[in-house]
Amino acid sequence: MLHLRGQFRKFLPYILCSPALLVLLAITIMPVGYLFYTSFCTWELEGFRPVFTGLANYKTLLFRDSDFWHSMGITLMYLIIGLSLQFFLALGMALIVNKSNLKLQGILRTVIIMPMIITPVVIGLLWRVMYNPTFGTINYVLRGVGLIDQSIPWLGQTSTALLSVIIVDTWQWTPFVFLLLTAGLKSLPVEPFEAAQVDGATQWQMFRYLTLPFLQYIILVAILFRGSDIFNTFDLIYILTKGGPGTTTQSLNMYGFYHMFSWLNLSYGASIIVSLLILVGLFAAFFMKILRVRVV
Amino acid sequence: MNGFNRRIKIRIEKIVLYTVLAVFIAFCLFPLYVTFRMSLQSPKDVWKNTFFFLPTLDNYKAVLLGLSHVGKASYPAVANFPYYLLNSIIVSVAVASVSLLLALPMSFAMVRYKFSGKNSLLIYIFFIKMLPPLAILFPLYVLFTKLNLTDTRTSLVIIYMTWVLPLSIWMMCGFIEDIPVALEESAMIDGCTRVGAFFRVVLPLAAPGIAATLIFNLILAWNEFLYALVLTGSHAKTAPVAICSFIYFQEIAWGCLCSAGMITVIPIIFLVIPIQKYLVRGLTSGAVTG
Amino acid sequence: MFTRCKKFQKVKRALLMQSVFLMVIFSTQVAMGAAGLKLADFERANIDWRQAAGESIDVMVTKYYDTEVLESQLGTFEALTGIKVVYHSLPETESRRKTLISLSAKSGAYDVVMPDIMGLPKFVKAGFIEPLQPYLSDPELIDKKWYDREGILLASREAGEVGEAAYAFPFTCEASQLMYRKDLFGNAGIAKAPDTFEELWDIARKLHNPPTVNGIALRGTRGEGLNIYVWSSFFRGFGANFFLNFPRNMTPTVASPEGIAATEFYAKILQDYGPLGAASWSWEEIIPALQRGNVAMSIDAVDIGPLLEDPEKSQTAGEWAFSVIPGGKGGRYPGIFAWLLGIDKASKKKTAAWLFVQFATSPPAVYQRTLKTGAASRESIRNDPEWQGDLLRIGKGTWLASVTESLRIGDANYRPRFEYWPEMGDTLGIEVEAAIAGQKDAEEAMEKAQGKIGTLMNRKGLLAW
């Protein structure tokens with residue numbers, strides 16, 4: 001009896017994990033396997049069937065496809081600028097709101113999630129119109145305030161296109177990070193802070209040595225999930241710029257999309273997406289390492 | 001003197017803080033204002049840059065009743081928009097609750113038990129989240145066709161798990177971890193079983209975390225577009241896909257698009273308002289004092 | 001899982017009932033259109049329309065006005081054939097994506113699909129589309145005299161063919177045309193529409209008066225169906241060719257002196273006399289700009305015309321005139337585009353699908369459907385004064401005349417129609433957009449495009465080195 005009980009104990013965590021894991025496994029194992037398999041194939045229109053050819057796609061991709069490397073650069077730039085903008089903006093706002101003891105916090109939170117819940121199709125088109133130099137609201141307001149003399153073609157010039165896309169992404173998803181961080185801040189234990197205050201710690205010290213370590217895990221969640229979303233951003237870029245001007249905003253995901261769904265190069269597209277997955281994996285490993293997750 | 005200076009300093013600090021906050025909120029709300037404004041404009045007014053215009057509810061009427069025209073301008077819009085909105089609500093509520101139910105035991109096990117493979121499990125889950133939908137869309141479509149599941153709400157609920165469930169698990173891990181083990185242990189000393197302690201101590205304490213997770217799940221499922229587009233037809237279509245119908249080859253029905261956009265915000269706001277209160281309450285502080 | 005829930009069924013039914021009720025009350029416009037369709041016109045055809053009665057087919061189309069009207073004609077089709085039609089209509093990007101996925105999965109989810117002129121060869125090569133030759137020669141399935149395939153304008157008929165074999169029928173056919181503001185032309189003392197590219201340049205320069213009015217707006221956003229759709233008219237008009245000798249010798253020649261000159265012209269006219277940030281402009285920007293009066297001229301699809309002259313939507317209604325696009329030493333090449341209806345090879349109800357395709361593209365259906373849009377692809381209909389009626393108001397008759405003329409002189413092959421065009425066209429689109437944005441000069445852009453297209457042709461084995 002006791003022995004059985006011990007056995008049960010040992011397996012209990014696995015049993016608890018199994019429903020969620022089984023569901024995830026059942027949905028993803030086939031598609032992911034298929035993706036990896038096709039990335040090692042050629043898939044011509046004639047006959048329309050994947051034929052195994054080993055590393056051919058990857059060889060072309062890595063050594064002969066300058067667009068691939070260009071898109072990789074764009075993706076990384078998007079990631080670094082977008083993620084840090086969203087993260088620091090959200091962190092700042094979360095700290096301010098948490099500190100100011102605002103009476104209207106409930107309303108604020110409700111209002112702030114609105115960018116996230118408007119349909120993405122509407123958002124993309126709306127921003128596209130707002131950015132328009134001839135009748136867009138942004139230029140109209142900026143001109144009215146006197147910040148600029150002449151309208152700026154935000155999406156139509158190389159220097160501002162990527163930034164403009166990032167701003168929309170930031171507008172839509174900073175609230176997500178903000179909510180995550182607020183939830184984290186709300187669940188901070190009180191005692192260590194009281195103790196620190198008694199010991200005469202400065203604000204900065206409290207933030208650096210108490211708040212940040214306590215938030216570590218939530219920060220990781222925010223960065224990983226936002227990061228992977230940014231890697232996978234598609235519809236927004238497609239509606240705003242289609243990857244242009246030229247290839248200025250053509251991210252890796254976008255490039256893969258064109259190959260798979262516009263040009264029917266299904267296998268070559270698959271190899272691009274697999275490279276993207278490897279890139280995201282590296283990104284995740286990096287952040288897991290520097291933030292030293294406590295749970296695992 | 002010193003106190004006076006400090007008071008001024010605090011006041012200035014406050015003014016700065018509020019200003020920053022106001023700018024941030026304005027940044028969040030400005031595009032929403034533009035959407036709202038457009039949703040009240042007749043087709044002809046949409047492109048006038050004048051500040052004043054005659055607001056009209058024609059767009060809302062057209063979208064909610066499925067009319068084929070706004071005022072006199074003809075826009076053969078979708079008829080069943082309210083039905084698609086209902087689809088969206090059903091799917092996202094189902095996704096949010098199912099994934100929470102699946103995530104809770106797993107997160108609990110991840111945090112409270114030591115077992116081999118834990119680390120790789122967490123990474124595996126994240127890996128699933130980061131799969132680009134585009135990449136697995138094609139095989140999934142084939143799979144769902146074989147299973148005869150295309151154009152059902154069930155198929156959407158299943159597929160949305162791929163990124164809603166990982167987020168739920170990761171978030172719940174964080175929230176459960178913040179609950180001191182000591183509380184559970186004392187409950188067990190009082191005669192609770194481990195499972196009993198989970199229900200009596202962990203669950204109530206994790207309520208704010210659960211609320212937060214639910215909100216995020218709802219939001220993430222609410223706006224999904226790509227899967228819904230490919231996997232549904234006329235039956236299980238969700239609001240984002242239906243809104244798409246306001247875009248024509250060569251022309252966009254702006255008024256309808258924006259009013260539909262505003263309308264999709266409303267149900268989620270109503271779902272979120274009762275839940276979000278839980279976010280306000282502190283977690284462990286409440287437990288210790290109470 | 002949820003469908004079985006009774007309560008929900010009830011709500012759903014109530015909602016459906018309500019919307020059906022409201023549809024009946026409010027959608028009079030569409031309903032009135034459908035009333036014009038007479039069963040007798042179809043019963044005249046010497047085939048058995050009811051040979052597939054009782055079946056149900058799924059139809060996937062791109063959403064625009066003509067497909068919207070087609071939806072209102074479905075009642076007639078169902079009454080005629082006893083076939084039930086499940087109609088799926090989505091905007092362009094989405095319908096393309098969905099069609100592509102369901103076709104390549106060979107799921108047969110849609111019996112009738114709507115490829116476009118440039119995408120058809122790719123689908124045919126991959127074996128997704130049912131060849132129509134057997135249907136065309138079977139007297140059980142088509143009444144040749146009644147359907148009158150020869151009566152379809154050459155350019156649109158060719159659009160549905162790959163290598164001279166029919167794979168799809170043209171649903172609508174459109175061309176690109178020049179649209180210009182008569183009032184602004186008058187004020188500047190310009191008597192007539194530009195005939196050559198040089199004249200186009202001069203007029204754009206004269207009328208360019210920013211920020212109120214820009215001289216010209218053309219599609220800048222990258223894409224084989226976006227900027228390349230318009231740019232190709234310039235490219236061919238300047239006398240350039242895409243290949244050395246299409247389709248026998250597929251050595252790309254886009255960086256020929258003519259090709260570079262055309263690209264330079266296209267980029268320069270937009271940079272100098274176009275709207276700010278023209279590189280990111282597509283029809284989404286161009287139409288409102290024209291309606292607001294921000295632009296004096298544009299070359300774009302003909303179906304924009306009615307939108308400009310609709311007083312409910314446009315502030316410049318009544319000021320527009322239309323003409324065939326200008327040309328150069330290569331001739332005139334109005335952009336030709338067509339949506340087609342074809343049958344999915346994986347479909348299990350091909351006869352029913354065929355009857356639908358035939359119905360939707362037949363003379364009476366096209367006649368009635370295009371009364372408001374003017375996109376008829378049959379000469380006999382276009383010349384019918386009764387059909388012209390309402391359409392003659394647009395641009396005081398110039399619109400209809402120039403559409404007919406453009407369709408008549410148009411060449412479906414002004415862009416090379418072959419299976420790798422989408423990739424080639426997008427490659428060109430990227431470089432043309434870069435040239436408009438001033439990222440590189442026309443020569444550099446075209447050289448780059450030529451290199452890439454060469455690599456593509458080589459990889460696909462179309463180049464015999």
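In chain B, if we take the contacts, meaning heavy atoms within 4.5 Å, between residues at least 6 apart in sequence, 71% of them join residues at least 24 apart. Please keep in mind that this is a predicted model, in which local features need pLDDT of at least 70 and side-chain atom pairs count only at pLDDT 80 or more, while totals for chains, interfaces and linings use all residues. Residues are numbered from 1 along each chain as its sequence is written, chains are lettered from A and ligands numbered from 1 in the order in which they are written, and side-chain values use heavy atoms, with hydrogens and water left out.

Staying with chain B, we have 13 helices and 4 strands, where helices (H or I, at least four residues) and strands (E, at least two) are DSSP runs numbered from the N terminus. Of its 290 residues, 62% count as buried, which is to say under 20% relative accessible area, with exposed meaning over 50% and partly exposed in between, for a 1.4 Å probe and protein chains only.

Let me turn to the interface, where 94 residues of chain B are in contact with 89 residues of chain A. The buried area, that is, the accessible area (1.4 Å probe) that two parts lose on being put together, summed over both, is about 8800 Å² between these two chains, and carbon and sulfur atoms give 82% of it. On the chain B side, F24(B), L134(B) and W170(B) supply 8% of the area buried against chain A, more than any other three residues.

How many salt bridges are there between chain B and chain A? The count is 1, taking a salt bridge as a side-chain nitrogen of Lys or Arg within 4 Å of a carboxyl oxygen of Asp or Glu, and the side chains of K129(B) and D229(A) meet in a salt bridge at 2.7 Å, N to O. Helix α1 of chain B, residues 2–39, gives the most to the side that touches chain A, with 16 residues. The residues of that side divide into 76 nonpolar, 13 polar and 5 charged, with Ala, Val, Leu, Ile, Met, Phe, Trp, Tyr, Cys and Pro counted as nonpolar, Asp, Glu, Lys and Arg as charged, and the others, Gly among them, as polar.

Now for one helix in chain B: α8, residues 194–205, has 12 residues and reaches 15 Å from its first C-alpha to its last, close to the 16 Å expected at 1.5 Å a residue, the expected span being 1.5 Å times one less than the number of residues. Its N-terminal end is capped by T193(B), with a side-chain oxygen 2.9 Å from the backbone nitrogen of G196(B), and G196(B) is itself one of the buried residues of α8(B), which also include F198(B) and V202(B).

I will finish with some backbone details, remembering that most residues other than glycine have a negative phi, and most peptide bonds are trans. The bond from G244(A) to P245(A) is cis, with omega near -5°, and P245(A) is found in the loop between α11 (235–240) and α12 (252–262) of chain A. K242(A), in the loop between α11 and α12 as well, has a positive phi near 60°, and K242(A) is buried, with a relative accessible area of 13%. In chain C, E164(C) has a positive phi near 70°, but E164(C) is exposed, with a relative accessible area of 75%, and lies in the loop between β4 (161–162) and β5 (165–166).

Key:
A polar contact is a pair of N or O atoms within 3.5 Å; within protein, one must be able to donate a hydrogen and the other to accept it, and residues adjacent in sequence count only if both atoms are side-chain atoms.
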